[in-house]
Amino acid sequence: MRYHTPSSFEEASEIAAAAPGITRILAGGTDVLVQLRADIVEPDDLIDIKRISGTGDITRSDDGGWVIGAAVPGVSLSEHAALCADWPGVVEGMALVGSTQVQGRATLTGNLCNGSPAADSVPGMIAAGAEVSVVGPQGPRRIAIESVPVGPGKISLAKGEIVTAIHLPSRGAQGGDAYERFIPRTEMDIAVVGVAVNLRRDGATITEARVAIGAVAPTPLLVPEAGAALVGSTLDDASLAALSEAVSAACNPIDDKRGTIEFRTHVAGVLAKRVARTAYDRAGDAK
Amino acid sequence: MSMMHVNTTVNGDEVEFLCDSRETLLDALRDRLGQMGAKEGCGTGDCGACSVTLDGRLVCSCLVLAAEAEGRQVGTVEGMAEDGGTLHPLQRKFIEHAALQCGICTPGILVAAKALLEQNPDPSETEIRYWLAGNLCRCTGYDKIVRAVLDAAAEMREDA
Ligand SMILES: Cc1cc2nc3c(=O)[nH]c(=O)nc-3n(C[C@H](O)[C@H](O)[C@H](O)COP(=O)(O)OP(=O)(O)OC[C@H]3O[C@@H](n4cnc5c(N)ncnc54)[C@H](O)[C@@H]3O)c2cc1C
Ligand code: FES
Ligand code: FES
């Protein structure tokens, strides 16, 4: 295994584009090193992006949104008061990943690019309308989070393409987001169902809503019908029932010992209501 | 297999070693630097027995490559007691409360608990339990560990 420490993303991308064999990017390593140690994947080339300047930074963008460097660990998100105030749902999704030790290393970008259907931070980023910037042999591009995962362990980036940062939009007025997952234990487990809701209110009425689900399909999914069920409502019982139904209808889960198809589908609908209430209350508390 | 040359700082001391590119920081600490405090329980980030700090952040050293430590600051359980051998309050309280049996988990838990108290000198029992959720112990049942951390925190607050 060749271990590289490029000092720019262009250099990193050139190494990745020219690499003949299995290539991995090393962000926090909490997936890459587990796979290496368990003899699941031994990369021929491992490209550590943490020496590239700016990859560990969280910065305000010109439009009032946030740019989160590709190597920012979960703990840095939780410690960032202004980011937590704007996007509590995105931060709480990431904060659920692993233990304190894992939080010291694991990144949003790694969680996304590992391609797990159950990745806890991904529904929150999709609901937020986040994007990633990518550099590669074809030049830079910026794409929606939901276009990155394409199947279990598979993402849409081309050979040589590397994520440089995650972009969260400006929070704007009266917005709120939330993420919750169902797991059989209270800590250190993989989501059986995950739901994220991001919405905006005008007074009591919901004017915009995005709903995303995780662990109940081959990739985390945006569910436009579920968002539409909320818009125009005051989160009354009828809209919550419509939300729940739309979320359950979008589920296409696996059946395993941790949750049957029926169970996962049902719980997704139940969680969606709970998460929508949290997002709605947060939007009400926001300026 | 060409070896990599790494310069790093362990418990304040500058050290250097040669390692394979696939080697973990845990293996380098134990096999190259003779620092046997960090233990391997699982090798996959689940048990916390290998906990160390890297530039002040608590991490699993089994999920860090040795080469990643280049130019960084590593902190292990060996750095907790003072030079003359005076134990850290956490170490003393672990002995007083009998918060260990076989002791395999203890170095990792001590390093993790120290990191907690540095950022939160007065944690609640619940905060301690969540913070230490990534440190598994198959012997003690955790209660004695939690009590030892609470007691050490109280003593350290008095002395502060
Ligand atoms: C004990 C433990 C508990 C865990 N619990 C959870 C959990 O509860 N929920 C959960 O979702 N996950 C969990 N995980 C999995 C893992 O921690 C997360 O997926 C984490 O967010 C991965 O981030 P990383 O920075 O460590 O990624 P890495 O391991 O560094 O990389 C992961 C993948 O992303 C690719 N990649 C990384 N950076 C880039 C980039 N810039 N551009 C393109 N590709 C890139 C790599 O090639 C690799 O395939 C757990 C892991 C452990 C060890
Ligand atoms: S040995 Fe590192 S977490 Fe178990
Ligand atoms: S004392 Fe034996 S594992 Fe904790």
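**Cavities, helices and rings**

Trainee: How many cavities of 30 Å³ or more are there?
Mentor: The count comes to 1 cavity of 30 Å³ or more. A cavity is a set of points, on a 1 Å grid over the protein atoms alone, where a 1.4 Å probe fits but cannot get out. Points are joined across faces, edges and corners, and the volume is the space filled by probe spheres set on them. This is a predicted model, in which local features need pLDDT of at least 70 and side-chain atom pairs count only at pLDDT 80 or more, while totals for chains, interfaces and linings use all residues. Residues are numbered from 1 along each chain as its sequence is written, chains are lettered from A and ligands numbered from 1 in the order in which they are written, and side-chain values use heavy atoms, with hydrogens and water left out.

Trainee: And what volume does the largest cavity have?
Mentor: The volume of the largest cavity is about 30 Å³.

Trainee: Which element supplies the largest share of its lining?
Mentor: Helix H3(B) does, with 3 residues. Lining residues have an atom within 4 Å of a point; they include Pro107(B), Gly108(B) and Val111(B). Strand S3 (51-54) of chain B also supplies at least two residues. Helices (H or I, at least four residues) and strands (E, at least two) are DSSP runs, numbered from the N terminus.

Trainee: How many residues of H3(B) are buried?
Mentor: The count is 11 of its 14 residues, and H3(B) is mostly covered. Buried means under 20% relative accessible area, exposed over 50%, and partly exposed in between, with a 1.4 Å probe and protein chains only. Among the buried ones are Ile109(B), Leu110(B) and Leu116(B).

Trainee: What about the span of H3(B)?
Mentor: Its end C-alpha atoms are 20 Å apart, which agrees with the 20 Å that 14 residues should span at 1.5 Å a residue. The expected span is 1.5 Å times one less than the number of residues.

Trainee: How far does helix H5 of chain B reach?
Mentor: H5(B), residues 143-159, reaches 25 Å from its first C-alpha to its last, close to the 24 Å expected for its 17 residues. Its buried residues include Ile145(B), Val149(B) and Glu155(B). Helices H2 (89-96), H3 (106-119) and H4 (125-131) of chain B are included in what covers them.

Trainee: Now the pockets. What is the volume of the second largest pocket?
Mentor: The second largest pocket has a volume of about 540 Å³. A pocket is an open set of points with protein on both sides within 12 Å along at least five of seven lines. Of the 22 residues that line the second largest pocket, the closest to its centre are Val75(A), Ser78(A), Thr100(A), Gln103(A) and Trp131(B). Helix H5 (88-95) of chain A is one of the elements that each supply at least two residues of that lining.

Trainee: Why is H5(A) called largely enclosed?
Mentor: H5(A) is largely enclosed by the rest of the structure because 6 of its 8 residues are buried. Pro88(A), Val90(A) and Met94(A) are among them.

Trainee: Moving on, how many aromatic pairs are there?
Mentor: The structure holds 1 aromatic pair over all chains. The centres of Phe182(A) and Phe263(A) are 5.4 Å apart and their planes stand at 70°, so the pair is edge-to-face. Rings of Phe, Tyr and Trp (its six-membered ring) pair if their centres lie within 6.5 Å; planes under 30 degrees apart count as stacked, over 60 as edge-to-face and the rest as tilted.

Trainee: Last topic: where is Gly43(B)?
Mentor: Gly43(B) is in the loop between helix H1 (25-32) and S3 of chain B, and it counts as buried at 3% relative accessibility. Beyond its neighbours within four places in sequence, Gly43(B) is in contact (heavy atoms within 4.5 Å) with Arg37(A), Cys62(B) and Leu63(B).
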